[in-house]
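Me: I would like a close look at a single part of this model. Please keep the answer connected and give the cut-offs for the terms used.

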Amino acid sequence: ASDVYKRQHLLHAQMCRGLADPTRILLLYYLADGPRYVTELAEKLSVSQPTISRHLKILRDRGLVSAVREGNTVYYALRAVRIIQALDLLRGVMADILSEN
């Protein structure tokens with residue numbers, strides 16, 4: 001396989017690892033409604049700020065969210081709404097599998 005093909009698969013696997021945590025998936029869904037501050041997300045999920053920040057860093061490293069500094073605070077936003085469409089597609093597949101069992 002070509003180098004481009006291999007890199008594509010590697011990036012795909014890295015992105016999937018980034019999505020392999022329920023908290024990170026919830027963060028993406030919350031960010032689908034618009035940009036949010038870390039404090040808002042921590043409150044909404046009842047999770048500590050450092051934990052939310054760690055999850056957001058993973059999502060940022062994989063190119064799923066962007067961070068914008070505003071004075072002393074940082075807010076996060078989805079980089080592409082298509083990730084929500086992809087997650088919704090996966091949920092549809094899971095619903096089909098569950099209904100078959």
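Which side chains meet in a salt bridge, and at what N to O distance?

Reply: This is a predicted model, in which local features need pLDDT of at least 70 and side-chain atom pairs count only at pLDDT 80 or more, while totals for chains, interfaces and linings use all residues. Residues are numbered from 1 along each chain as its sequence is written, and side-chain values use heavy atoms, with hydrogens and water left out.

The side chains are those of D61 and K57, at 2.7 Å from N to O. A salt bridge here is a side-chain nitrogen of Lys or Arg within 4 Å of a carboxyl oxygen of Asp or Glu. A search of the whole structure finds one. D61 and K57 are four residues apart in helix α4, and are therefore separated by about one helical turn. K57 has a relative accessible area of 42% and counts as partly exposed; buried means under 20%, exposed over 50%, and partly exposed in between (1.4 Å probe, protein chains only).

Helix α4 covers residues 49-61. Helices (H or I, at least four residues) and strands (E, at least two) are DSSP runs, numbered from the N terminus. With 13 residues at 1.5 Å a residue, α4 should span 18 Å, and its end C-alpha atoms are 18 Å apart, which agrees. The expected span is 1.5 Å times one less than the number of residues. After α4 comes G63, with a positive phi near 80°.

The buried residues of α4 are T51, I52, H55, L56 and L59. Seen down the helix axis, they fall within an arc of 130°, so they line one face of α4; the arc is that of the directions from the axis to the C-beta atoms. P50 and R54 are exposed, on the face turned away from the buried side. The cover over the buried residues includes α1 (3-18), α2 (22-31), α3 (38-45), β2 (65-70) and β3.

Leaving aside neighbours within four places in sequence, L56 is in contact (heavy atoms within 4.5 Å) with L27, L31, V38, L41, V65 and Y76.
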